[in-house]
2 protein chains.
Amino acid sequence: MSRKPVTIKDVAAEAKVSRATAARALNNYGYVGGSAAERVREAADRLGYRHNRIAQALRRGDLPLIGFIPGDIQNPFFARIAHDLDKRLRQQGHNLLIASSEEDLDQERELVESLRSLSVRGLIVAPTSARDMSHFQSLAKDNMPLVVIDRYSGNVACDSIVVDNEGGAREGVDLLVSKGHRRIAFLGDEGRIFTVQQRLAGYRSALQAHGLAVDERMIALSGSTTKHAVEAVIRLFRQTPAPTAIFTVDSLMTTGAMIALRSMGLRVPRDVSLVGFDDFDLATFTDPQVTVVSQPIERIGPLAAEIMLQRISGDSCAPQHHVFPTELIIRGSVAAI
Amino acid sequence: MSRKPVTIKDVAAEAKVSRATAARALNNYGYVGGSAAERVREAADRLGYRHNRIAQALRRGDLPLIGFIPGDIQNPFFARIAHDLDKRLRQQGHNLLIASSEEDLDQERELVESLRSLSVRGLIVAPTSARDMSHFQSLAKDNMPLVVIDRYSGNVACDSIVVDNEGGAREGVDLLVSKGHRRIAFLGDEGRIFTVQQRLAGYRSALQAHGLAVDERMIALSGSTTKHAVEAVIRLFRQTPAPTAIFTVDSLMTTGAMIALRSMGLRVPRDVSLVGFDDFDLATFTDPQVTVVSQPIERIGPLAAEIMLQRISGDSCAPQHHVFPTELIIRGSVAAI
DNA sequence: CGTGAATGTGAGATCGGTATCACATTGCCT
DNA sequence: AGGCAATGTGATACCGATCTCACATTCACG
């Protein structure tokens, strides 16, 4: 039933040449006679020969694979990046191996090991922790290309692509302050801790720049689900005096906030103003449309792919560090107080 | 700088045993003396030995890889399934290689070839076309496990997992009819053609069961983006007499319909009733909340993974075919006429 | 104390493709 | 015609891990 796969040896035999010649004909390199090449290709066709990348890889040292380790593939942010990476890398004959760390440092370590033992050519990672990057340091030693996206703290020599989280958050909070808001809540997410810390820093610095004190009771960190976000927001707004505005750290949290506010009977923007980090598809559809700080997500994946391809082709110039600016998109969820 | 990777030969030398013994110690099989095993493990540790899966794979015949070919990884439906697959398969030591077909038959064919040459252990696919499955037939011949999800037409001998698209659509349209609607529009998506055909069949059969004629002008097929959906809906509702209700084929189309209706000044459900196929996160958040036909997405990935694991471990019983029922979730987007 | 079983180890083949080297043959130039 | 480069081909080593087989011990038991 299941005949075993056709090898180059079979093809060579069929074409009555040696394995070496067959290989040369199939990969066109070295000297091959025209008629021999013809016969080999014909034989390969007839037998249904299929390259065995593994054998090839054993000789070359690596597989046409590039690993991608996002925090969570279900997060539309990472799904988009995965899509862009896959598209570009596949054009160049690479396959993208996606393995989600689920924002767990230990799992991330294991994945790195696992991908290395698969001899991937490079790794593109959104690290769970920007602090503990020890498992990445050894990659550099072995000359494995590494591109870090979304979170980077500078303690590993590799390329990085991030957005200006602090500046973006500052701009969003600035808007709220300029509309007269003084009690502005902050809703963060435990999952993407590093990004959240930077956005929180932007929040603090915006308040301080306007001479406003930072009230720690206005700051909430919730679990990384809509449900947790809802609960956290309810707690925030049960306080007296309640916030008059809220800044949320990503689209999941934004969604949670809107659900929570509605359930408490608070109207946006009449009762509460809202600014969220991250744009999302339905942001223009909700009622009201949500004012957001958007990041140029469409540029991150392609750039990461480009850098990776450079590195794979042997470019070993100094690490590149890219910081993209954010953009404040004003819609209808902010009102003057 | 970049010392070359440590091989089992190095470990064996360090531990002063033969490669064979080293291999036995590291994979604990066969007979190995306690002290020898000890020394080998120590040496491996000291040298930082890392398994080379490629060499292993060349011997065994396959890599710990399973391919997943969805139509589009950005579609939350497939992202969810990818996540569930990855989680379960990784537990068993497999890596999930995700490659999106972008709903393109030729690309799908190439991907299948490409994944085969990587010696994956099995494939999980949401076929672009349920009609032309020729590229899958040869898989079966070579005993490569294949699990088809979301779309299946029966002409390949493999396991399949689908939902009752026709029944679900019928139920949704039934609801609209029972509320007195007679001019019910249908909005489909060119991308996932097969699924759409089944849902369209459900739509037709529901109307016919109630003795209503099917008006072809009420049926629109749009491109697979929100933007196209919006345009298609606007065309549908510009007709006279206009529809009083609309059934949409997936969450993307549902979103598009809501945006279009709003832009035309039509209110849901006062002016137009809406039922969508596929539940989505924000369905309970929009105003009004959307009545949907939901599929048990949380069961598809895990089941597919389970079947794949069975097949990989050599189970070769007859192909299994699973059809999940859908569930009508009534929220606030349908009103009596 | 001898003999067969259980245990431990190493040499070498193997997986499929590629690279190197050696050996032929042809062609071109002086 | 002689000589050297260009061209075509096959034999063989190699990549790293595993597996089979042969061989050496050790052990137990009659």
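**Close-up views of a predicted model**

**View 1. Packing of helix α7 in chain B.** Helix α7 of chain B spans residues 134-141, and its buried residues are H135(B), F136(B) and L139(B). These residues lie on the same side of α7(B) because they cover an arc of only 95° around the axis. After α7(B) comes N143(B), which has a positive phi near 65°.

**View 2. An open sheet in chain B.** The sheet has 6 strands with mixed pairing, in the order β7-β6-β8-β9-β10-β12. At its edges stand β7 (219-222) and β12 (327-329) of chain B; each has a single partner strand, so one side of each lacks a neighbour in the sheet. From one strand to the next, the twist averages 20°. Strands β8 (residues 245-248) and β9 (residues 273-277) of chain B pair in the parallel sense over 4 bridges. Opposite T248(B) stands G276(B) in β9(B).

**View 3. Helices across the strands of chain B.** Helix α8 (residues 165-178) of chain B lies across β6 (184-189), β8, β9, β10 (291-294) and β12 of chain B, and runs at about 170° to β9(B). Helix α10 (residues 226-238) of chain B lies across β6, β7 and β8 of chain B, at about 160° to β7(B).

**View 4. Aromatic rings and arginine.** One aromatic cluster is formed by F186(A), Y203(A) and F247(A). The charged end of R199(A) sits over the ring of F277(A), 3.6 Å from the ring centre. In chain B, R199(B) lies over the face of F277(B), at 3.6 Å from the ring centre.

Conventions
Residues numbered from 1 in each chain as written. Chains lettered and ligands numbered in written order. Predicted model: local features only at pLDDT ≥ 70, side-chain atom pairs only at ≥ 80, totals over all residues. Heavy atoms only, no water. Phe/Tyr/Trp six-rings, centres within 6.5 Å; stacked < 30°, edge-to-face > 60°. Lys NZ or Arg CZ within 6 Å of the ring centre and 35° of its normal. Buried < 20%, exposed > 50% of the residue type's maximum accessible area, 1.4 Å probe, protein only. Helix = DSSP H or I, 4+ residues; strand = E, 2+ residues; numbered from the N terminus. Arc of directions from axis to C-beta. Pairing = 2+ DSSP bridges. Axes fitted to C-alpha atoms, helices over the stretch in contact; angles between N-to-C directions. Contact = heavy atoms within 4.5 Å.
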